[in-house]
Amino acid sequence: MVLKVFFPSCCSSAESGILIGRWLSEQSSAVILAVVHFPFIPVQVKQYLSEVQRVTKVSVSVLGSWSNSKQEKEESLSEFLEDLGTIFSHEPWIQISKEGDSKFWSCSTLQKHSNNPKKEEIILVYYDQRKVMLSHLHPPLDTTTSSDPEAEDASKLSAIFDTVARSKILFMTDRYDDGPIKLTHWQSEGVEASIIVELMKQASVPACMLLAFLLSLISGVCRSRVLKFWPLSFLWSKLSTCEQLGHRLQHLQVISSNKKAQNQTQLVRKANIFVSLLIDVALGILLMSWIYRKNRIGHLADTLIPAADHVAEELQDLLQWLMGAPAGLKMNRALDQVLGRFFLYHIHLWISYIHLMSPFIEMILWYVGLSACLGLTVALCILSDIIALLTFHIYCFYVYGARLYCLKIYGLSSLWRLFRGKKWNVLRQRVDSCSYDLDQLFIGTLLFTILLFLLPTTALYYLVFTLLRLLVVVVQGLIHLLVDLIDSLPLYSIILRLCRSYRLAAGVKFRVLEQQDGKPLRLLMQINPLSYGSVVQTYRLPTYSCYPKDSWTSLCKKLFLGELIYPWKHKGEKQD
Amino acid sequence: MEERRYRSASGAPIALRRRQHSASCRELAVRCPRLQLRSLSATTSAVWLAAYGLFVLSENSMVLSAAIFITLIGLIIYLHFVKIDQESLLVIGSLGIQVTSCYASGKESTAFIEMGRVKDVVINEAIHMQKVIYYLCILLQDPGDPQGVSEVVPLFQSSKPRLDCLIEVYKSCQEILEQRKTAPQSS
């Protein structure tokens, strides 16, 4: 098989020495991690390697020799390097030599125990060690299902990435250190570290502990019995603000937990939650500073009551229109008047309550607006709740209209069955024939005709109020969609993909470098970053709301039958 | 390295370039016809004439600036996301197959498939709009079923070469893929 040698590009200018790395025999590839320079004592090298192997669980061994001669080839050095092959027995023993500044290296293998000494082809693949070490490979979706160790063979690339990533301890010692082993690897070019990151890491521990303490206090208060009485708990479950606050509290608990993140996924998740919270609070504070400037709260409060009045007036006009001859249809006068007056009185009550509250509106708005500093999502949820509260009378009208219509439809269907001489068998859940008495049939037919002729009136009221309710639901739904988007967007991953795209790898790409006859094939392995769509899909944060479960046909069916619809169901709520 | 001219399925002239880097590494690149100046100017003139017509009707100068904006943004989107200049296939025996598409704006989108996942490279027939065309595709191995195919990756989708060009590419790929069947016995 073709022998593949993965050589780190940082070792291209290293001085002569021996190569250490990992040999993957099933793929016939050698992943070179570092170069050990002369002078060294073979026993110490073996000891060091076995210790590294014990810590990292990666089978690191001496793979071959590397000679970088500035002048012409030295014969004695090459013999010395061949003799090294006998000390560190490795099959096959790889010898790479570079002359002067030539780009084209000669690479050969020594096979001692091979049955056919055919010269096999060698491919030299250069890779950027630091980027491969920091990168996280995202396998294509069909291979994520099998996570057993045997599947590691199927993906050569993940084995290579794994090898480099787990050998971090090897990269700690350098050739400038005073030790028995002098290595060259990516750190030899200069150690990179950021002071800010280190300081933040040090400061994060006490900050997390403080945050955890505060959160335990808050959650203790929330869980207390006082808040669990029936009217209050019902109110909390209906207000979306409380759900959002609970969701954010959960996020804070995840961040401030003192358990270290187990693996890469959890760490990225924590980072995503942290950045999302930060941006949310920043936008919220921006919004708050904009609202509180120039007394906008006062203006808002001043326009709120007239707006509610205006809505009530429009509704009254609508009801007057329905009580007349709407769209030229002729309604049943008596029922029309009853329903119309009933709804008009309702609106009148509602307006009186709003006027009762009007002196306190500005103060309430001012204090409620302060909670926008908890985040933009909280502010949007408050807006959605205010809309729900202001249009509560539309919701009431919809429920009355729907219940009335539903009763009528059920009555009609049952009496229609009676009209045809059939009955609904509850036990068998089917329609059976039944013989009715004459007086039963008479009264049934009378009621059927009454209900049938009253149907247009009820249906019209139901239609009008359902449309109004759907409008409010659509507006609330859009606001919740926006809140969901802010909640679930993995901002840290997107910024990482923008700035350090090599950390999120979808795969690799190879570039063929200049070739020379007789020398091995030279390839450059670069990291192929993940696309933005896959980044969002992989690292999405889970949210608490789910989208409407009903399909369009079942929604239409419910509307036709007059069943109440709850389009935006939250997870954990019982289905009606 | 050699270059030969062929025709695509719709009749446009394309060029196939073959390079042999080593005994087990080959690169096959198909170059699509470039963006023509006359089609570009025709589209731009049509959009601007329509905008000018709207301007005469509505007396609103925003229409003209909107038309310029739309033309510029549309051109950038077309060059960066739609127009493919060159599609190439790099076959490295025992490593894998790399499929690259180069867009007119210089963007390159690459996908690398490891040799362990490749079952075979075949020429298939497909019904595309009102025609039946031949296309080259890579069959990916199903990890659970050794005889099964889990996915089909079509190649040269934008340039759509005809059968004669596809046969050349197919022969080159098969020469390298055959090596992996004979290789395990020799090591």
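A search of the whole structure, which is a predicted model, finds 10 salt bridges over all chains, a salt bridge being a side-chain nitrogen of Lys or Arg within 4 Å of a carboxyl oxygen of Asp or Glu. In one of them, the side chains of A:Arg166 and A:Asp162 meet at 3.2 Å, N to O. Both of these residues belong to helix α4 (residues 156-166) of chain A, where they sit four residues apart, about one turn of the helix. Here helices (H or I, at least four residues) and strands (E, at least two) are DSSP runs, numbered from the N terminus.

Before I go on, a word on conventions: residues are numbered from 1 along each chain as its sequence is written, and chains are lettered from A and ligands numbered from 1 in the order in which they are written. Local features need pLDDT of at least 70, side-chain atom pairs count only at pLDDT 80 or more, and totals for chains, interfaces and linings use all residues, while side-chain values use heavy atoms, with hydrogens and water left out.

How many salt bridges are there, then, between chain B and chain A? The count is zero, although five residue pairs, both at pLDDT 80 or more, are in polar contact between chain B and chain A, meaning a pair of N or O atoms within 3.5 Å, of which, within protein, one must be able to donate a hydrogen and the other to accept it, with residues adjacent in sequence counting only if both atoms are side-chain atoms. On the side of chain B that touches chain A, β2 (13-22), β4 (84-92), β6 (108-114), β9 (149-154) and α3 (163-186) each supply at least two residues, and the largest share, four residues, comes from β6(B).

Turning to chain B itself, the UniProt record, in an unreviewed entry, places the feature "transmembrane region" at residues 40-57 and 63-82; its positions are given in the numbering used here, feature names are shortened, and annotations may be inferred rather than shown by experiment. In the model, residues 40-57 of chain B are 100% helix and 0% strand, with end C-alpha atoms 26 Å apart, and residues 63-82 of chain B are likewise 100% helix and 0% strand, with their end C-alpha atoms 26 Å apart. Helix α1 (residues 37-58) of chain B has 22 residues and should span 32 Å, the expected span being 1.5 Å times one less than the number of residues, and its end C-alpha atoms are 31 Å apart, which agrees. After α1(B) comes B:Glu59, whose phi is positive, near 60 degrees.
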